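Here are my notes on the model you asked me to look through. I have set them out as numbered points so that you can check each one against the coordinates.

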Amino acid sequence: MRCLIKRKKETGTSPLMNLDENLIDQCIKGNQKAQRELYDRYALKLMPMAMRYAKSQEDAEDILQDAFIKIFNSLDSFRREAQFLTWLKRIVINTAINHNRKKMYQQPMLDIEKVALMHVESDLTLSNMHFTEILAMMQKLPVGSRTIFNLFAIEGYGHKEIAEMLEISEGTSKSQYSRARVLLRSMIDEANKVVQTNYLSDERF
């Protein structure tokens with residue numbers, strides 16, 4: 001069963017979410033003022049996504065910077081009838097995957113048979129947790145598990161799609177997702193123990 005972080009549907013009265021199409025046209029022409037305006041408009045919306053795939057703030061900033069370079073270089077290929085924010089997010093995801101790809105190759109990922117004993121007895125639910133708590137836990141995951149957990153549990157890709165994107169087997173994708181769930185459950189349980197211990201300690205006084 002998938003986790004757990006419900007994504008709000010993107011809504012808007014226009015495909016560009018009220019973004020002036022002239023701004024995109026000016027960016028395509030290389031207008032630096034327009035590029036800065038577009039960056040300022042969307043950087044804060046895209047940064048949390050970059051953070052989920054990154055190991056640190058610095059890592060996320062590198063991903064976002066590379067993503068915006070690709071965005072500005074690809075604006076002329078954006079189809080105006082599409083949702084602009086969705087298009088931007090896809091570029092951030094692809095940039096993050098490419099950013100993490102070398103690290104994933106350096107840390108070989110387990111196949112499904114090797115995690116057969118990994119089992120999460122209770123459902124892993126993160127929807128009631130604060131984003132900063134979730135983020136801190138996700139950044140502790142190994143790069144492969146973190147990437148696949150994001151793609152499957154949050155972005156909504158299937159394991160077959162993920163396998164194609166990362167050039168791995170479906171079994172490896174499934175095993176890494178299972179591994180991420182196990183590690184996250186362990187971190188959540190540990191955090192709950194700390195909260196309970198602190199509560200009992202306060203009660204004594």
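1. Of the 205 residues in the chain, 42% are buried, where buried means under 20% relative accessible area, exposed means over 50% and partly exposed lies in between (1.4 Å probe, protein chains only). The accessible surface comes to about 12200 Å², and 50% of that belongs to carbon and sulfur atoms; the areas come from the Shrake-Rupley method with a 1.4 Å probe, and for residues only the protein chains shown count as cover.

2. A word on the basis of these notes. This is a predicted model, in which local features need pLDDT of at least 70 and side-chain atom pairs count only at pLDDT 80 or more, while totals for chains, interfaces and linings use all residues. Residues are numbered from 1 along each chain as its sequence is written, and side-chain values use heavy atoms, with hydrogens and water left out.

3. The secondary structure consists of eight helices and zero strands; helices (H or I, at least four residues) and strands (E, at least two) are DSSP runs, numbered from the N terminus. Among contacts with a separation of 6 or more, 75% join residues 24 or more positions apart, contact meaning heavy atoms within 4.5 Å.

4. Do have a look at helix α6 (residues 143–154). Its twelve residues reach 16 Å from the first C-alpha to the last, close to the 16 Å expected at 1.5 Å a residue; the expected span is 1.5 Å times one less than the number of residues. Twelve of the twelve residues in α6 are buried, including Arg146 and Asn150. Gly156 follows α6 and has a positive phi, near 90 degrees.

5. How do α2 and α5 pack? The angle between α2 and helix α5 (residues 131–138) is about 35 degrees, with the axes 8 Å apart; axes are lines fitted to C-alpha atoms, for helices over the stretch in contact, and angles run from 0 to 180 degrees between N-to-C directions. Pro48, Met51 and Arg52 of α2 meet Phe131, Leu135 and Met138 of α5. By class, this contact has five nonpolar, no polar and one charged residues, with Ala, Val, Leu, Ile, Met, Phe, Trp, Tyr, Cys and Pro counted as nonpolar, Asp, Glu, Lys and Arg as charged, and the others, Gly among them, as polar.

6. Six salt bridges turn up in a search of the whole structure, each being a side-chain nitrogen of Lys or Arg within 4 Å of a carboxyl oxygen of Asp or Glu. One of them pairs Asp25 with Arg80, the closest N and O atoms being 2.8 Å apart. Asp25 lies in helix α1 (residues 21–28) and Arg80 in the loop between α3 (57–74) and α4 (84–106), so this pair ties together parts that are 55 residues apart in sequence. Asp25 is partly exposed at 30% relative accessible area, and Arg80 is partly exposed at 24%. Glu21, Asp25 and Arg80 are linked in a network of salt bridges.

7. Two further salt bridges lie within helices. In helix α2 (residues 32–53), Glu37 and Arg41 are four residues apart, which means about one helical turn between them; their closest N and O atoms are 3.4 Å apart. Asp189 and Arg185, with closest N and O atoms 3.3 Å apart, are likewise four residues apart in helix α8 (residues 170–203). Asp189 is partly exposed at 34% relative accessibility, whereas Arg185 is buried at 16%.
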